[in-house]
Amino acid sequence: MEQHQHYQSLQDQAYNALRSKIIYAELKPGTRLSAIGLEKETGIGRTPIRESFVRLREQELVETRPKSGTYVSKISMERAENACFLREKLERSVLIKCCSAATPPEQKCRLEQILTESESLDHGETRRFFDLDNLFHETCFEIAGRHMLWDWMKSINTHFERYNWLRMVSQDLDWEPIRRQHRRILEAIKRGDTDAASYLAETHLHLMPEEQGPVIALHPDYFELSKDSAI
């Protein structure tokens with residue numbers, strides 16, 4: 001049992017490391033992944049690394065080409081759009097639950113701490129801002145008692161995250177609209193204002209539609225487009 005848990009831990013380490021590198025575009029679409037090379041780089045054995053390839057392939061983050069190898073896939077805008085749609089619907093229910101539930105003060109304080117740190121960041125701290133953005137939403141799921149849904153959503157949300165990261169680093173993105181909406185979400189939770197929370201859930205993820213074209217234009221080789229891409 002202990003040996004199995006150790007092996008599973010190594011597989012998780014390999015998966016999480018590769019997933020992170022793909023999300024943050026450290027491994028670009030078309031990059032060939034070598035289990036031998038990754039073993040040398042990470043110190044994790046080839047078998048758990050190959051098993052992590054299976055999980056990544058299930059999420060269409062990598063693809064296996066016959067007699068060639070495993071490669072980082074392009075960002076599927078169809079998957080990104082579907083993930084955005086699903087997340088919007090889930091977050092609406094989550095934020096309403098946050099408002100109507102008896103939210104402990106320490107959880108509201110946690111949201112305040114996340115937002116305060118985000119508001120204090122310099123514009124060069126893009127990765128920290130990106131991570132805090134996700135943490136703010138994850139904490140809302142926790143408050144609503146739906147963290148299991150957040151974990152599940154992570155498995156289908158990867159292409160949306162990849163697009164969002166490129167969007168954030170591809171242009172001089174103004175962070176203030178995102179910060180203001182987070183502040184408004186927090187105030188709605190504090191007031192228990194379910195109507196405001198519902199409205200904000202529907203609008204928050206639609207801050208970027210007009211930016212899709214420029215992002216794709218800057219990185220045309222990163223994307224696999226759907227027929228009517230429009231997040």
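These legends describe close-up views of a predicted model.

**Notes for all views.** Residues are numbered from 1 along each chain as its sequence is written, and side-chain values use heavy atoms, with hydrogens and water left out. As the model is predicted, local features need pLDDT of at least 70 and side-chain atom pairs count only at pLDDT 80 or more, while totals for chains, interfaces and linings use all residues.

**View 1. The open sheet of three strands.** The strand order is S1-S3-S2, and the pairing is antiparallel. S1 and S2 are the edge strands, each pairing on one side only. Helices (H or I, at least four residues) and strands (E, at least two) are DSSP runs, numbered from the N terminus. Two strands pair if DSSP finds at least two bridges between them. Strands of a sheet pair through backbone hydrogen bonds, either parallel or antiparallel.

**View 2. Bridges along S3.** Two bridges link S1 (residues 32-33) with S3 (residues 69-72), and Arg32 stands opposite Tyr71. Four bridges join S2 (residues 62-65) to S3. Tyr71 is the bridge partner of Glu63, and Gly69 in S3 stands opposite Arg65. The hairpin of S2 and S3 has three residues between the strands, and in this hairpin Lys67 takes a positive phi near 60°.

**View 3. Helix H3 on the sheet.** Helix H3 (residues 46-58) packs on the sheet and touches S1, S2 and S3. Contact means heavy atoms within 4.5 Å. The direction of H3 makes about 110° with that of S2. Axes are lines fitted to C-alpha atoms, for helices over the stretch in contact, and angles run from 0 to 180 degrees between N-to-C directions.

**View 4. Helices H4 and H7.** H4 (residues 77-100) and H7 (residues 147-154) pack at an angle of about 175°, with their axes 12 Å apart. That angle makes H4 roughly antiparallel to H7 (under 35 degrees counts as roughly parallel, over 145 as roughly antiparallel, 65 to 115 as roughly perpendicular and the rest as oblique). In the contact, Leu86, Arg87, Leu90 and Glu91 of H4 meet Leu149, Trp150, Trp152 and Met153 of H7. These residues divide into six nonpolar, no polar and two charged. Ala, Val, Leu, Ile, Met, Phe, Trp, Tyr, Cys and Pro count as nonpolar, Asp, Glu, Lys and Arg as charged, and the others, Gly among them, as polar.

View 5. On a 1 Å grid over the protein atoms alone, a cavity is a set of points where a 1.4 Å probe fits but cannot get out, and a pocket is an open set with protein on both sides within 12 Å along at least five of seven lines; lining residues have an atom within 4 Å of a point. Grid points are joined across faces, edges and corners, and a volume is the space filled by probe spheres set on the points. There are three cavities of 30 Å³ or more.

**View 6. The largest pocket.** This pocket has a volume of about 410 Å³. Of its 18 lining residues, Arg19, Tyr24, Asn134, Lys154 and Glu161 lie nearest its centre. H6 gives the most to the lining, with six residues. By class, the lining has six nonpolar, four polar and eight charged residues.
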